[in-house]
There are 2 protein chains.
Amino acid sequence: MADKYEQVIELAKRRGFLWSSFELYGGTAGFYDYGPLGAMLKRRVENTWRDIFVINEGYYEIEAPTIGIEDIFIASGHVGGFSDPLTECQKCHEAFRADHLVKDIVDNPDTLSADELTEIINKNNIKCPECGGKPGAVYEFNLMFKTSIGPGGKRAGYLRPETAQGMFVDFPRLLKFYRDHLPFGATQIGKAYRNEISPRQGVIRLREFTQAEAEIFIDPRDKTHPKFNEISDVVLNLYSQAGQAAGESQKMSIKEAIENGIIAHEFLGYCLAMTYQFLARVGVSPEKLRFRQHMKDEMAHYAADCWDAEILSDRFGWVEVVGIADRTDYDLKAHAKQSETELAVYVPYDNPKKIERFTVKPNMGILGPRFKGKAAKIANALKALKPEELSGDVIELTIDGEKITIEKDAVAFEKVTEEVHGETIIPHVIEPSFGIDRIIYSLLEHSYFEEEAVEEGEEDKTRIVLRLPPEVAPVQAAVLPLLTRDELVKPANEIVKMLRKAGILVAYDDSGTIGRRYRRNDEIGTPYSITVDYQTLEDGTVTIRDRDTMKQVRAGMSDIADNVCDLIYGGKSFEDSGRRV
Amino acid sequence: MADKYEQVIELAKRRGFLWSSFELYGGTAGFYDYGPLGAMLKRRVENTWRDIFVINEGYYEIEAPTIGIEDIFIASGHVGGFSDPLTECQKCHEAFRADHLVKDIVDNPDTLSADELTEIINKNNIKCPECGGKPGAVYEFNLMFKTSIGPGGKRAGYLRPETAQGMFVDFPRLLKFYRDHLPFGATQIGKAYRNEISPRQGVIRLREFTQAEAEIFIDPRDKTHPKFNEISDVVLNLYSQAGQAAGESQKMSIKEAIENGIIAHEFLGYCLAMTYQFLARVGVSPEKLRFRQHMKDEMAHYAADCWDAEILSDRFGWVEVVGIADRTDYDLKAHAKQSETELAVYVPYDNPKKIERFTVKPNMGILGPRFKGKAAKIANALKALKPEELSGDVIELTIDGEKITIEKDAVAFEKVTEEVHGETIIPHVIEPSFGIDRIIYSLLEHSYFEEEAVEEGEEDKTRIVLRLPPEVAPVQAAVLPLLTRDELVKPANEIVKMLRKAGILVAYDDSGTIGRRYRRNDEIGTPYSITVDYQTLEDGTVTIRDRDTMKQVRAGMSDIADNVCDLIYGGKSFEDSGRRV
């Protein structure tokens, strides 16, 4: 029997959600098109993300180019370290990931160097999986797509491997935009690229994919969140470091997890909650969702804490779809170094602090007669000394290459109280990073149901239904005249017009039995089907059918647009939308 | 004095609409970032486009990759012909477009070959504009960004120079999606790329830009439009071929232009109207908009008609922002040839047609005895002949390399009446193609006003205001407590919450005088500013200030979200939103 992945992909291809790219030319692994329904679903999922991160949290979206210049990716480490170990069969010249070839032999193949992998392949006499030939020496293959900007190939350009860098590079502009106040955040939804060696997992591993990322710049001394109490009781399925060692995840409120030192701090906890709420809202099953903490050896050396949201899929098991990390000041420091620009924030204190410090006061009455023309230079050099440099019996200076020894009597010390109004700090970065394509696939799989259903006018007893949340369903309403007769088609077209004016995506369908048309719409997740029948002509009512329960109500035609909008966006219950049929 | 371009770009940079990309690393020509307000403005403009093309016309959006394989661009002609003539200075090695170097010397430099350009440069002793050196021989530089897919550089990939090809390549899938019915359309909004040799026009000429394109597949025998009467009276500023010859454009209804043979047909006229309505809706001034027809020598050889929407800008004059073309069957034929796949539609007739034709009936009684073993082969060859091949005195055939002459007596003719139920046709393509970035720049320029204004609490008499349509304004409402006091801040925050829940992008601002804060919001085009004052605490009302008129009304706080939504989306007039202050 077909597994669920095959079932979902079959439906997705047939009905216009997902198509293999370039199919007309035989297709290419790692590329998928969103068809008419898929693109609309994706847009709605992205807009839900925007509603949470942009509208509600106030982390404005920006749009940086997908092509980046080399400096950026030197700073980010992608030029140096973004690679997979590659081996090419010496006979058929097919390329493979070397770590995949040895995965049954060693435990952590992704920690091995190219040389170590070569040795293991040779020692174990591993053959090419395609032709049985001998794999060649392993080398690191950089996964960025490279191109060049302008003529002559003089200026390297890379397709960005993540949207994040665009926000880091714009840090100085963003800081001004937010008028120097921490915390602030920027988001991006856009394409990112990864030139996979040999992608073999369909829509799960793409060479071109969509990320939604937020980079939230916070004060490193204060990782609380102002709205923490709104989400502190949210219960998550946590698969912590300790949980992984013990082999089991644990349901726990965010508050409790922070109190127990499992989640590092409030701000990260808040991001986990937002992630949970977003995924559940777009149609991921909460019971197939867990948050896995990175193990110590898998976490980046600079990260303070890092969690992946993982979704359970039928074929691939737990798949990472979101990463949420406290990246500390790593990214800003890296770009500051590469660009030779300070990337920091001056944070004023609420109340100025009084700080006592010693200053050096050269005694010119002694220095003047003793050093004559050099006295002024020496005095300045003395003022620049730090307290610890004055601790010896005498003071040693080098002035214009000449070593000079100065007795302590030529120097007085003064205690000064200064008012300090603030300090310059490098913000820490909290980064929730979403893989939109995997989320789309997951919610399709979690929404896909085949069930036995008996319905008027439909002979096929098996019904396929996509139980997508109405907010993300691509087609929001179907309008169906019971028969293809002018007197029914005309009011149906009026309804189409009214719904479209309200911004609702409508499918008009008048071909086939009404049962067949309901099924056709169930299959693509259309939440509401509106049927115009002969009673419509008598009393101006239509039937609305609910996709999930197949129940019907009769409701007025004149305010159908408001009614449907309330059903989709306003949280109105189906029972309240009309009277039971 | 700064020209308008400088004024707009200064504002756009300062307030977060447009930033030079990679500024931290010195920037690179041809790349711009959309900052927080620019990205939101862009999103809203794109969504308005979607409302028209996707929701209302039913041309579903798809999303194909930005990287394409070579076959696609061989078929589209981009591998062969998408280039600009390039010359490199032999001294400073700076690259230039050769046609730009000779533009003061020849009339139509873009029609010249590389050799002709080289000759003109040499003959006229043209020097490098940077260093005075001698430009080298001109060659054609392909403008696609090239990369390679997978390891080994074996498979070329290109960043798409237009989104259009993604729709053509998906034609077989789209045809099935629309259940074989013409007309149907697909749209795409996404990145496209053009590796300009040396872009020098800021946001007007980008190496990475956003297109919104529709490919509408229609029956070539019927170029009427079902909704033509809805737009036939729309009056456009047409700069036709004849108008250009005469040097003046002409205002004319679409109906009249079609009747006079100026616009080729209804379908194209309808697309011109949609384009006009879209541009006006997002904030382009109708009086700075014209539709220019391509001249005969500038139009692609396959195009039936082609119009550009052009927008008048202060610095660049008339700038092309949209192209609307009847591309006939060119694209489908090109991909059919390259992919060796039929790209066509079987169109059934409403009523089957009866067609009479002659068929050949070989007389086996004669052929059998005469040709023995060869008789069957000869009979089949005879059946395959067309009527005109039977017109001679005898029939000449070549069977297995042997010439055979057959007398007419061996052949009888039969008149057959066949019922034909339909025919296979190659659809024609109507393509409206929008350059989103240029539209964004244009509407910023057209919305930008500096005016004298006296307002309470603001000393600066000059007010900068962006008169953006509320539907596309990035920040939709500002919420301002009159003073930073808890009793005012608290209700202000409640309003923020209510508006955000309704999906409104709100800016909360409590710093500086109220006058300063109004001006700050005028400058970014915020249509409505809501102020919480001490009267709010007494009667639960707030003031709403209209950006354009600076008038204020008092309105209830409890239904403020509905009120603002109606102002932005519902066409409610400001006067109706509260009582005059």
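Domain bounds come from an automatic or database domain assignment. On this basis chain A is divided into domain 1 (4-64 + 163-330 + 430-435), domain 2 (83-142), domain 3 (350-422) and domain 4 (468-580). The centres of domain 2 of chain A and domain 3 of chain A, taken over C-alpha atoms, are separated by 64 Å.

The model is predicted: local features need pLDDT of at least 70, side-chain atom pairs count only at pLDDT 80 or more, and totals for chains, interfaces and linings use all residues. Residues are numbered from 1 along each chain as its sequence is written, chains are lettered from A and ligands numbered from 1 in the order in which they are written, and side-chain values use heavy atoms, with hydrogens and water left out.

B:I69 lies in strand β4 (residues 67-69) of chain B. Strands (E, at least two residues) and helices (H or I, at least four) are DSSP runs, numbered from the N terminus. B:I69 is buried, with a relative accessible area of 2%. Buried means under 20% relative accessible area, exposed over 50%, and partly exposed in between (1.4 Å probe, protein chains only). Not counting residues up to four places away in sequence, B:I69 touches A:F22, A:Y25, A:T28, B:I149, B:R155 and B:A156; contact means heavy atoms within 4.5 Å. B:I69 and B:R155 are 86 residues apart in sequence, yet 7.9 Å apart in space, C-alpha to C-alpha.

Helix α20 (residues 560-568) of chain B is mostly covered, with seven of its nine residues buried. These are B:I560, B:A561, B:N563, B:V564, B:C565, B:L567 and B:I568. Their cover includes α17 (486-501), β26 (528-532), β27 (541-546) and β28 (552-556) of chain B.
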